[in-house]
Amino acid sequence: MRFKQESTHLTPEQLLPNQSTPLKKISTIQIPPPTPPNPSFQYSTELQHYLSGRSLLPDELSFSIEDLHEHYLNGYITYGKGLNNYHCHRCGNRKKHLFARFNCFRCQGECTYCRNCIMMGRVSECTPLISWTGPPPTSVNLTLFDWTGTLSKAQQEASNRVVDTVKTNDNLLVWAVCGAGKTEVLFQGIHEALSKNKRVCIAAPRTDVILELSPRLQKVFPNTSITTLYGGSDDRHEYGQLVLTTSHQLFRYKRAFDFIVIDEVDAFPYSYDPTLKYAVEKARKSKSAIVYLTATPDSQTQKNCSSKKQNHIRIPARYHRHRIPMPRLVWCGNWNKAFEKNRIPSILKKWTLQRLQQNKQAFIFFPSVKIMEKALPLFQKLNPAIEAVHAEEPHRKEKVQKMRSGETPILLTTTILERGVTIPNIDVAVLGAEESIFTESALVQIAGRAGRSAEYPKGDVVYFHYGKTKGMINAIMHIYSMNKEAGKRGLIDG
């Protein structure tokens, strides 16, 4: 898209009667100051709901250029630069190798675009990002809080800190062990924000987490408009007072939220992609609160907590007041060589047969898909109902559901299931725990799959290895220190 630059406003090429008028890419234009909203203009409430708090490409809007421009001239939307000087204003990318040039039909010349966020539609030098500058949608403050559960002592302390963070527009890290009940800790803080007509966002790394949270929160806040966003979501046209979203969808928001929760802040992709941190900052209002949730903060974050550079609170115990099961280290020899000879390492085979005989479900984590697929038929000789799952598995959800329902006795998996899956009564094994993919964080998360249920608070966790690593030792020390702290604070029984 090209524009005619005038002293007070821009005019899109499509609306100019004289095509000989000099036209410019928006990346080369000095953007005029926004026009104050015209109070006598009857703006589109549909456009208001769709665009408020967002920054979108024209192709993402189902409105004609004539309608959009009329709102622009009356001060209800702005045209902003999508990209200039190797800076993407949607995702924040500044890495030159993540830009490319192409022959652009729209601006009739060579144009640079951002490859980092191309999966969300192309942002280029001639692409405007359109934002709403009129009033936000009004919401009647009838927030109902329908939750009758109780919090543990540690949960209540964390909940109070979350509420204070919302009230003071501060930041807080909630460092809570796997199975501590982090979602329940958020309820009072969310209610505090919604009751003050504040807009709330919860961002998580995976779609399945968002889909699981949505019905839970709708039940707790039955009168609140909740939008659930992920790739291909049906809610993408909706304005929600409470927005549940995968991390990448935040690229589309701008100064939208008064309170943001970042779940699993240590997990991929948030911990690996600096542009997602940019997206979070762009999506926040200038005065806003942010809460980070994690069970396994990285070493730098742990240091910041120790030195009091990071506001934080720890929940070292699970809600059911039982210790987190301590992992065992078991040497299993050259397990890779065993599979090359088409046999399961003997000690792992024995462990697996014990689970089958005891009718006890189990996860067995593998360091790679290749090894797991080679191992699967060998395990199926022990029991044909044993299944395997990985990130690209087309029937992943169905296989996990069969595990939940008890149809599958043992599920072989990669680290894809290290988080977010809860089976009430389960044992856990890691094969090749010395492999680099099994970091301290991954091993702690994997151990956290066991003993999560109040009915079944115990479980066997085994790191089968061909040599101890720092990651394995650190993971065990991490869990030990949490159990020790929980004991000192009187948060566990026995």
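Helices (H or I, at least four residues) and strands (E, at least two) are DSSP runs, numbered from the N terminus, and the expected span of a helix is 1.5 Å times one less than its number of residues. This is a predicted model, in which local features need pLDDT of at least 70 and side-chain atom pairs count only at pLDDT 80 or more, while totals for chains, interfaces and linings use all residues. Residues are numbered from 1 along each chain as its sequence is written, and side-chain values use heavy atoms, with hydrogens and water left out.

Helix α4 (residues 182-195) has 14 residues and should therefore span 20 Å, which agrees with the 21 Å between its end C-alpha atoms. Of these 14 residues, 10 are buried (under 20% relative accessible area with a 1.4 Å probe, protein chains only; exposed is over 50%, partly exposed in between). Among them is glutamate 192, which counts as buried because its relative accessibility is 14%.

A search of the whole structure finds 25 salt bridges, each a side-chain nitrogen of Lys or Arg within 4 Å of a carboxyl oxygen of Asp or Glu. Three of them are listed here.

| Pair | Closest N to O |
|---|---|
| Arginine 419 and aspartate 266 | 2.4 Å |
| Arginine 355 and aspartate 427 | 2.9 Å |

Arginine 355 belongs to helix α9 (residues 346-358) and aspartate 427 to strand β22, 72 residues apart; arginine 355 and aspartate 427 are both buried. Arginine 419 and aspartate 266 are likewise buried, and they belong to a network of salt bridges that also includes Arg206, Glu264 and Glu418.
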